[in-house]
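Here is a short briefing to read alongside the model. Have the sequence and the coordinates open as you go.

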Number of protein chains: 2
Amino acid sequence: MDFNEKYGAYLNEFNAVLQDFCNNLDCRPDILKDSLKYSLEIGGKRIRPVLCLATADLLGVERKKVMNFALATELIHTYSLIHDDLPEMDDDDFRRGKPSNHKVFGTGNAVLAGDGLLNTAYSILLKECRKGTEFISAAEFISDCAGIYGMIAGQSADLLHENDKSFNEPTLNFIYENKTGKLLTAPVVVPAILGGGRCYSELKAFGRDLGALFQITDDILDIEGEFASLGKSIGKDCKEGKFTSVAVYGLDGAKLRADVLAERCRAVLEGIDGNRDFLVRLVDYVRNRKN
Amino acid sequence: MDFNEKYGAYLNEFNAVLQDFCNNLDCRPDILKDSLKYSLEIGGKRIRPVLCLATADLLGVERKKVMNFALATELIHTYSLIHDDLPEMDDDDFRRGKPSNHKVFGTGNAVLAGDGLLNTAYSILLKECRKGTEFISAAEFISDCAGIYGMIAGQSADLLHENDKSFNEPTLNFIYENKTGKLLTAPVVVPAILGGGRCYSELKAFGRDLGALFQITDDILDIEGEFASLGKSIGKDCKEGKFTSVAVYGLDGAKLRADVLAERCRAVLEGIDGNRDFLVRLVDYVRNRKN
């Protein structure tokens with residue numbers, strides 16, 4: 001099976017679970033249910049769940065065992081996008097080629113939709129906790145990644161340095177490591193935790209570097225991408241003089257940095273026993289992505 | 001010990017734990033930490049933690065056992081106030097006599113502060129899960145109360161019916177039961193769960209009625225209260241023609257309804273063995289509160 005087929009297979013497996021989850025949502029009023037489903041069903045690469053399932057395969061952990069953690073992570077990711085797109089945050093009118101949640105449902109409902117997804121992610125995780133201590137550890141790892149020492153710290157720093165023209169590298173690293181890196185680390189470390197701890201540190205480093213790579217390619221796409229394939233506003237960060245890797249390193253410098261990070265990701269994978277092909281190709285895919 | 005002394009004792013016991021929690025917050029950037037602490041340390045009645053500790057005493061459950069659940073509930077309550085005060089929600093500039101979180105830190109940071117408190121509440125709850133199955137059940141109960149079938153459903157309905165002039169009673173009940181009732185039910189049911197289930201249903205009914213009572217007295221205070229003791233804008237709901245119990249029942253009708261609910265709360269307490277004095281007085285306090 002080639003990379004695209006394999007990606008599609010993971011994607012389908014996850015989307016079936018997500019669709020099932022959406023179909024079972026039964027909350028009132030309708031606008032709450034609709035706003036939750038809108039952002040979940042809008043699509044996207046689902047790279048976090050795909051990473052989670054693929055890492056489980058690499059480590060020989062049953063995919064079924066990690067599935068609800070993949071689901072919770074995607075819910076957390078989706079809530080963060082909804083809140084990030086709000087006018088008082090990144091102020092983005094488009095997401096995945098469609099109007100942002102607050103453009104469809106209004107900002108108040110978008111705040112609540114985000115809150116609702118975050119809360120529901122934890123309802124899912126708490127249910128997993130009944131299965132044993134390692135499941136509690138996995139849930140705690142996700143919580144640490146998503147919280148005030150993880151993703152939220154990164155978002156806060158991003159907001160703080162929005163108009164910072166000093167463009168210093170340690171701040172950039174802090175933002176990328178936390179804002180993007182932590183929630184890409186969670187889905188690769190959860191299978192390690194549920195697999196008894198094998199390759200825990202290696203996969204943690206892999207997630208961090210993949211996160212930085214992902215964010216830098218995002219910055220490059222902001223300059224070179226096309227709305228049609230990207231599905232969100234182009235040149236926005238650049239136009240706003242935002243504190244990004246392109247501002248810090250220049251466009252060519254950012255590309256070089258992306259190459260270094262991709263190489264580091266591959267090097268970590270080299271050290272792990274098992275069928276690494278898919279994840280190696282996934283690194284290339286992130287490096288060369290068009291959306 | 002009279003009611004006020006006892007309330008003060010519970011309050012001090014909880015505030016010491018909360019202060020310790022705040023002192024140990026070590027997240028970056030500073031604005032994130034400061035915004036979290038600002039809303040937590042601003043004070044307030046802490047009625048949820050006080051209810052939790054008092055119910056533990058009533059049922060003979062160690063207060064230490066419920067303390068982190070009281071803390072998590074107060075974090076969730078505080079996040080909901082921060083998001084509720086946002087311009088796109090209730091648009092309130094004052095909370096507990098001080099400027100709302102977003103007036104001090106900006107709306108973007110206020111969104112993140114709320115997200116951060118919700119996430120941290122779950123970090124606390126996940127840690128509790130290691131102590132045993134009944135702790136997981138208690139955490140799940142809080143999650144259900146706070147989530148899309150609980151508080152968030154109530155907030156969503158409240159937002160939806162903001163300008164609804166039909167003022168129908170079932171909708172009002174749905175909003176009050178979920179928006180306010182659920183998160184007042186959690187702190188009285190958690191001790192029941194951790195105490196082996198005794199009085200679970202009774203305390204669930206008590207929490208629901210106390211929540212409705214609390215919300216109706218809030219509506220009455222919006223008309224009759226004073227800024228000095230209330231610490232938030234007065235007459236705002238009334239001026240905006242908001243969908244409240246006063247709009248549905250009239251001011252005198254709302255007072256009658258509050259009396260009925262207070263009586264129902266007392267009746268539930270009558271059926272529970274133990275020292276109920278404090279909770280009975282707490283019901284009177286909520287009925288007659290000036291802030």
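What follows covers the fold of one chain, the pairing of the copies and two residues.

This is a predicted model, in which local features need pLDDT of at least 70, side-chain atom pairs count only at pLDDT 80 or more, and totals for chains, interfaces and linings use all residues. Residues are numbered from 1 along each chain as its sequence is written, chains are lettered from A in the order in which they are written, and side-chain values use heavy atoms, with hydrogens and water left out.

**Fold of chain A**

- Chain A holds 14 helices and 2 strands, both being DSSP runs numbered from the N terminus (helices are H or I with at least four residues, strands E with at least two).
- Its radius of gyration is 18 Å, close to the 19 Å from the globule rule for 291 residues, so chain A is as compact as a globular protein of that length; the radius is taken over C-alpha atoms, and the rule is 2.2 Å times the number of residues to the power 0.38.
- The C-alpha trace of chain A spans about 50 × 50 × 35 Å along its principal axes.
- Among contacts in chain A with a separation of 6 or more, 73% join residues 24 or more positions apart; a contact means heavy atoms within 4.5 Å.

- Of the 291 residues, 60% count as buried (buried is under 20% relative accessible area, exposed over 50%, partly exposed in between, with a 1.4 Å probe and protein chains only).
- Chain A exposes about 10,900 Å², and carbon and sulfur atoms supply 48% of that area, computed by the Shrake-Rupley method with a 1.4 Å probe.

**How the copies pair**

- Thr73(B) sits in helix H4 (residues 63-85) and is buried, with a relative accessible area of 1%.
- Beyond residues up to four places away in sequence, Thr73(B) touches Arg48(B), Ile142(B), Leu183(B) and Pro187(B).
- Arg130(B) lies in the loop between helix H6 (107-129) and helix H7 (133-146) and is partly exposed, at 40% relative accessible area.
- Leaving aside neighbours within four places in sequence, Arg130(B) contacts Thr133(A), Ile136(A), Ser137(A) and Glu140(A).
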